[in-house]
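Student: Could you take a close look at one of the chains for me, and then at the place where it meets its partner? I would like to follow it step by step.

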Amino acid sequence: MPVHIVGNDARSLVDIRAPTAFHTVLRVSGAVSPERTLATARVSCPRYGCIDGSVCVDCVHLQAWRASPELRLYCSIDSSEPVRHWMRVKPPATTVDTRCQAAEEFAVARGVHHLLVFDRRLALAGVACGCDLRRGDGGAVSAVMSSEVFAVEPATPLGVAAAALQQLHIGCLPVISGPLVVGILTRRDLDRAGIPL
Amino acid sequence: MRPRILIVDDEPNARSALAELLRDEGYEVASVADGLSAKSRIAEFRPDVLITDLHMPVLGGLDLLAAARAMRDGPEVVLMSARPQPRGVTAPFVGKPIDIAKLLSIVEARASRRG
């Protein structure tokens with residue numbers, strides 16, 4: 001089954017003509033050190049998790065910050081930001097032959113709703129969500145997965161990816177670079193980036 | 001009454017973030033993308049304080065500073081830039097990314113000068 005690359009350029013197989021346009025300001029929290037400087041703070045970055053504030057000092061997203069009454073950073077994201085900045089690498093995956101119950105237990109254990117599904121040649125064959133797997137009962141994942149796969153490339157703008165999720169009524173987009181699956185972008189990732197869907 | 005603030009910055013992300021944080025602080029805020037638009041917006045919005053980026057393509061921060069000072073009852077001007085503070089400039093300056101505590105103390109001090 002072919003993978004459909006979505007985007008708004010000539011290489012795209014599925015043309016997204018109206019990318020979602022947005023400028024989002026994320027209010028990011030953290031913990032200040034006794035020095036009360038940004039460089040010595042700990043920041044709960046929506047992109048990287050808990051990081052040193054010294055990383056934030058040179059970050060292009062940081063616009064402003066305050067140390068009191070609590071640490072607060074104002075970080076901006078816009079629709080031209082590439083998918084690779086917000087995708088999750090090493091996406092949880094399963095195979096077409098795996099039993100649905102086992103795949104669902106794996107997804108729950110990894111705390112994800114979507115699993116990429118690979119065939120015996122280790123090519124991307126589909127996407128299965130928790131709802132698919134629950135109705136699969138004792139059967140194989142291949143019986144319940146969505147075999148029509150829409151994907152984006154790492155450089156695809158977030159605005160295009162957000163529009164694709166909405167226009168195609170899907171919950172995730174595998175991120176593909178040439179023959180390789182390099183990540184996954186879900187609605188949850190867009191939510192982390194403060195993008196309204 | 002809280003001071004009215006006009007933000008001038010050609011970078012949309014910086015402009016919207018600064019506007020949101022100042023609204024969080026309770027200020028009445030308007031924003032424009034260049035110095036030329038700012039000159040006309042000053043007449044309508046009548047800001048107490050104008051916070052402007054130094055380097056903009058249409059009309060830069062220093063030109064805007066000169067224009068504001070030439071106005072009768074013009075706004076107090078605060079300059080901001082990701083580059084170092086230029087020498088010899090007499091207006092208050094904040095670096096980017098903006099330290100909000102520093103900016104707010106400057107804004108309050110400048111606004112109080114206007115009564």
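Tutor: For 115 residues, a compact globule would have a radius of gyration near 13 Å, and chain B agrees because its own value is 13 Å. Keep in mind that this is a predicted model. Along the principal axes, the C-alpha atoms of chain B fill a box of roughly 35 × 30 × 25 Å. Buried residues account for 42% of the 115 residues in this chain. Take the contacts in chain B between residues at least 6 apart in sequence: 58% of them join residues at least 24 apart.

Now for what chain B is built from. You can find four helices and six strands in chain B, and reading along the sequence gives the pattern β-α-β-α-β-α-β-β-β-α.

Next, look at where chain B meets chain A. Here 13 residues of chain B are in contact with 12 residues of chain A. On the chain A side, β3 (23-31), β6 (62-66) and β7 (72-78) each supply at least two of the touching residues. Of these, β6(A) gives the most, with five residues. By type, the side of chain A that touches chain B has six nonpolar, four polar and two charged residues.

Stay with β6(A) for a moment, and find strand β6 of chain B, residues 98-99. These two strands pair in the parallel sense over two bridges.

Conventions
Residues are numbered from 1 along each chain as its sequence is written. Chains are lettered from A and ligands numbered from 1 in the order in which they are written. This is a predicted model: local features need pLDDT of at least 70, side-chain atom pairs count only at pLDDT 80 or more; totals for chains, interfaces and linings use all residues. Two residues are in contact if their C-beta atoms, placed from the backbone, lie within 7 Å. Ala, Val, Leu, Ile, Met, Phe, Trp, Tyr, Cys and Pro count as nonpolar, Asp, Glu, Lys and Arg as charged, and the others, Gly among them, as polar. Two strands pair if DSSP finds at least two bridges between them. The radius of gyration is taken over C-alpha atoms; the globule rule is 2.2 Å times the number of residues to the power 0.38. A residue is buried if 20 or more other C-beta atoms lie within 10 Å of its own, exposed if 12 or fewer, and partly exposed in between; C-beta atoms are placed from the backbone.
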